[in-house]
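Please consult the sequence and the model while reading.

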Amino acid sequence: MSTPQLVVHRDKELMAQAAAARLITKVVDAQASRGYASVVLTGGRNGNGLLAALAAAPARDAIDWGRLELWWGDERFLPEGDPERNVTQAREALLDSVPLDPKRVHAMPASDGPYGKDADAAAEAYAAELAVAAGPENHGPVPSFDVLMLGVGPDTHVASLFPELPAVRETERTVVGVHGAPKPPPTRVTLTLPAIRAAREVWLLAAGSDKAQAAAIALSGAGEIQAPAAGARGRSRTLWLLDSAAASQLPRSLYPPASP
């Protein structure tokens with residue numbers, strides 16, 4: 001796994017705009033070299049802020065949206081269209097305004113879908129969908145995502161992997177149901193650390209003073225069971241994208257003084 005790199009921006013707006021520009025470049029490069037790109041989206045205020053910045057970026061038209069595979073790192077197990085679902089928020093922020101191929105938009109199942117209230121069955125179905133999309137070059141049951149984005153919670157959770165809960169301890173399955181999450185809603189579906197680590201690049205997004213302690217803990221050598229963000233690493237790159245407030249408890253030795 002790769003060693004984390006840090007980029008610290010002045011504020012959350014600049015962080016979102018810079019991350020959106022970085023994502024456009026990554027997607028365009030992947031499409032030029034391989035014909036398509038694969039990205040895992042994250043919810044929350046920082047993930048949605050990036051998508052809104054991407055929607056407003058003139059360079060978004062450089063992306064061939066019809067050749068973009070979209071996946072999710074986790075989902076709140078709620079009915080289709082619920083405003084709290086990550087996919088609902090993503091559609092509002094960006095997806096409904098760009099010409100995506102619906103067959104390449106892989107939303108996680110809803111609680112009123114074919115698996116009913118069974119989050120574990122929904123997780124198994126999503127794992128099967130990932131496995132079908134994985135090719136022989138991926139060396140595993142999930143695609144080698146070009147970029148997998150994760151928001152970092154104040155408790156260091158990423159996706160719906162919360163400290164000490166069973167999901168963060170999973171070493172075999174790629175997707176699991178989460179029950180009893182410490183923040184609402186309690187039932188969720190999430191990628192596991194093995195699936196996250198299949199990505200070529202993992203980007204962790206943190207903005208705001210309420211994320212400062214989490215960033216400091218995760219980047220100080222904490223274990224992944226106690227601090228799940230510490231275990232989120234990409235195969236070729238792990239990038240922490242922060243604003244100055246989220247970086248306020250980090251020693252300056254961790255990031256270049258010239259970080260924009």
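Helix H4 (residues 119-133) lies across strands E6 and E7, running at about 160° to E6. This is a predicted model, in which local features need pLDDT of at least 70 and side-chain atom pairs count only at pLDDT 80 or more, while totals for chains, interfaces and linings use all residues. Residues are numbered from 1 along each chain as its sequence is written, and side-chain values use heavy atoms, with hydrogens and water left out. Helices (H or I, at least four residues) and strands (E, at least two) are DSSP runs numbered from the N terminus; axes are lines fitted to C-alpha atoms, for helices over the stretch in contact (heavy atoms within 4.5 Å), and angles run from 0 to 180 degrees between N-to-C directions.

E6 and E7 belong to an open, antiparallel sheet of 3 strands in the order E4-E7-E6, where pairing requires at least two DSSP bridges between two strands. The edge strands are E4 (74-76) and E6 (175-178). E6 is joined to E7 (residues 188-191) by 4 bridges, and Val178 has Arg188 as its bridge partner in E7.

The structure holds 15 salt bridges (a side-chain nitrogen of Lys or Arg within 4 Å of a carboxyl oxygen of Asp or Glu).

| Pair | N to O distance |
|---|---|
| Asp74 and Arg188 | 3.9 Å |
| Arg85 and Glu80 | 4.0 Å |
| Arg197 and Glu224 | 2.4 Å |

Asp74 lies in E4 and Arg188 in E7, so this pair ties together parts that are 114 residues apart in sequence. Asp74 is buried at 6% relative accessible area, and Arg188 is buried at 2% (buried is under 20%, exposed over 50%, partly exposed in between; 1.4 Å probe, protein chains only). Arg85 is buried at 0%, whereas Glu80 is exposed at 51%.
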